[in-house]
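Visitor: I would like to work through a model feature by feature. Please give the general idea each time, then the case at hand.

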Amino acid sequence: MFTQIAYGGDYYPEQWNPEVWQEDVRLMQEAGVNRVSVGIFAWARLEPEPGRFDFSWLRQVIDLLWEHGVSVNLATPTASPPPWFSHRYPESLPVMADGTRLWHGSRRHMCPNSPDYRRHAREIVTRLVQEFGDHPALALWHVDNEYACHYAECHCEVSQAAFRRWLQQRYGSLEALNEAWGTDFWSQVYRDWEEIRSPGPMPTLPNPAQKLDWQRFTSDAWLECFQEQIDILREYTPEIPLTTNFMRFHRPLDYWKWAEREDLVSLDDYPEPDDPLWMARTAMLYDLMRSLKHGQPWLLMEQATAHVNWREHNTMKRPGVMRLGSYQALARGANGIMFFQWRASKSGSEKFHSAMVSHAGTGTRVWREVKELGSELKRLNPLLPGRIQAEVAILFDWENWWALEGGGKPANDLVLLPRLTDLYLELYRRNISVDFAHPEADLSAYKLVLAPHLYLVSEETARNIERYVAQGGAFWTNFFSGMVDSSEQVWLGGYPAPFRKVLGVWVEEYAPLGEAESNRVKTVGGKEFACDFWIERIHLEGAESLADFCEDYVAGSPAVTRHRYGKGTGYYLGTSLDRDGLSWMVEHICRESGVQMRADLPAGVECTRRVNGEQAWVFVLNYSKQPVEMQAPAAGVDLISGEEVGGMLRLEPYGAAVIQVKADAGGLIEGAASFIEIHIPTPGDAAAGTACVHLGFLCASRGNGRGTWRDED
Ligand code: GAL
């Protein structure tokens, strides 16, 4: 799928006149651009009136690009229906839970279940593939744009009916639905399918199983839109790969299901430059993207060269940061680096978003960086077949995410991503490569599997974990895991019932702590750590305690446990440890499970490795504003500079090296990152000006799940 590292960006020729197109292709050549995405929001130009299509201008553009060595990700334009469409079919506009119908004039203003939208989308996609399916420039189908961005759920009457049909398919009968939803609670028993509606505004908590099914349905409704386009594109061009651009850990869509349908995972990523942990968060996100198609190369479809314009205050990527971030994507399995967008718009709501060619043209710092990166990437093509090898997997399941945060819980401030991030950071700091895995996936390749807050556990997951541990795997989970089944019904018989055998413990009761409350744990080795948020009364039934609570009514009872099961081990953590405690625990279980770690790199340096048979590429990335001198983690040739590397390696501020080595050469490191020194101003620290903290420390201060995570969009 990749014969060279793809380099380029979203290109909107419809916003410019044909003279500018000529300049564009010339500049693309100058910058080493070999791929652009076209057509993304061009519906109004491609079908100016219902049923009248005009592809001539796009053909001119694609021909021109191809003549200049640029191939295309051809987008289906369905992410923004033209005004004539919304005007003709007002009932296709989406309805929010409170009944508000959104207007057109922006983008993504359509109900996924609207038959008119679906029909017109199929029509334009069919025309597009008929028109361009055999064009030699066509490298990849870019289906729609960021499904379920801006809003995900439509509550219109058409969607209500679609939800009922979806439920009929899932359950077959109302008896089965009533059983699964537990509708005897609060007199919710349904006697007619027509009585069922989405969980819209209600006096108090909705039925959790209904809500969970609504979220499943919402993801599936958009997936159906995607599938309809896939069917058409595959029918005409079975040989052209297709993708749709994903967004972060995007809650509304179950990306496991989505990734199965596409040939390539692609991602739009806009880290906040002002966030001192941006590189750790992108590392985690990139690891997810790589994992969604089980290690296959993925494409960074969009990123900013400098700044976005949709945050309240849009900070700038400093010189060198765009380049460094691009290398980070390659280091974690991407085979292409692309941007939103090629040329900064002169009108429209994104005109102040950065681009490869800015308003000032080419005499700019950004253009120089774009050109330099383009020329460097040409030297990196040898690494295309390289893959990441991970010994640790984190279980991540959208259904669990929806259910865990669905309300009505003992601690409704138990939010998954901040806690997942804290855990990930402990691995990141130790140079441990991490994959994400679905809980029902084959886990046998991993030495250690971590399941943070895996609240919802299907029968298949329970069997999978049992098998994995029995056969020698190490499994770790923590409080409020293994609580409910796929219908959000409690697994009875002592928490966490589905993992009880593997963990060798049962939990009699849990106790969320007050804001000001905390506890301590003492390890068998005599170390003490603070904990807060949640404590439990844990009973051992085969497991041993690795750390006991020290205070309150649980004093002397286990907080962290280990259990030998079959040939493997099950670990359980029944509280929220502070940063040092979490660090101790991760270190402990990684050592015991034989996971390779390394945390002796200079501050701010991250290393990863891509491997292909005997060949490996070691990425050394310096996130600090200072140059670093370090022992080279591997000997070989730095593909960026072309220089031999061995002995000492010097990296400039935000510098990068990609060392091509033999995989069996000595001294290779395994994983990701080291401590990162971060300077953040603290109030009252005027004299010192800044306070220096370590990555993990900062993270722990954000990591109690009490709303300190900024969830954008
Ligand atoms: C993406 C989107 C692009 C553009 C970009 C701006 O989410 O796909 O069309 O809006 O954000 O950052």
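Visitor: Let us begin with charge pairs. How many salt bridges are there?

Guide: Side chains of opposite charge can pair when their charged atoms come close. This is a predicted model. With a cut-off of 4 Å between a side-chain nitrogen of Lys or Arg and a carboxyl oxygen of Asp or Glu, the count is 47 salt bridges.

Visitor: Which residue forms a salt bridge with Asp24?

Guide: The partner is Arg343, and the closest N and O atoms of the pair are 2.8 Å apart.

Visitor: What else can be read in the loop between β9 and α12?

Guide: Look at the backbone there. Gln341 lies in that loop, and the peptide bond joining Phe340 and Gln341 is cis, with omega about 0 degrees. Another cis peptide bond joins Tyr495 and Pro496, where omega is about -20 degrees. Pro496 is in the loop between β13 (474-478) and α16 (500-503).

Visitor: Which residue has a positive phi although it is not a glycine?

Guide: Arg108 does, with phi at about 55 degrees. Its place is the loop between α4 (83-88) and α5 (115-132).

Visitor: Now the ligand. Which residues are around it?

Guide: The shell consists of Phe41, Arg107, Asn145, Glu146, Asp268, Tyr270, Glu302, Trp310, Phe340, Glu350 and His353. Phe340, from the cis bond to Gln341, is one of these residues. By class, the shell has five charged, four nonpolar and two polar residues.

Visitor: How far are polar side-chain atoms of Arg107 and Glu350 from an oxygen atom of the ligand?

Guide: For Glu350 the distance is 2.4 Å, and for Arg107 it is 2.9 Å. In the case of Asp268, an N or O atom of the side chain is 3.5 Å from a ligand oxygen. As for cover, the ligand on its own has 310 Å² of accessible area, of which the protein covers 95%.

Visitor: Which residues form a nonpolar patch on the surface?

Guide: Phe185, Trp186 and Leu205 do, and together they have about 350 Å² of accessible area. Trp186 is found in the loop between α7 (174-181) and α8 (208-236).

Visitor: Last, the overall form. Why does the radius of gyration agree with a compact globule?

Guide: A compact globule of 713 residues would have a radius of gyration near 27 Å, and the protein has 26 Å, so the two agree. Along the principal axes, the C-alpha atoms fill a box of roughly 75 × 75 × 55 Å. The protein has 18 helices and 30 strands.

How values were computed. Residues numbered from 1 in each chain as written. Predicted model: local features only at pLDDT ≥ 70, side-chain atom pairs only at ≥ 80, totals over all residues. Heavy atoms only, no water. Near = heavy atom within 4 Å. Polar contact = N/O pair within 3.5 Å; in protein donor to acceptor, adjacent residues only side chain to side chain. Areas by Shrake-Rupley, 256 points an atom, 1.4 Å probe, with all protein chains shown as cover. Nonpolar A, V, L, I, M, F, W, Y, C, P; charged D, E, K, R; others polar. Patch = residues over 30% accessible without salt bridge, like charges linked within 9 Å, V, L, I, M, F, W, Y side chains within 5 Å. Helix = DSSP H or I, 4+ residues; strand = E, 2+ residues; numbered from the N terminus. Rg over C-alpha atoms; globule rule 2.2 N^0.38 Å.
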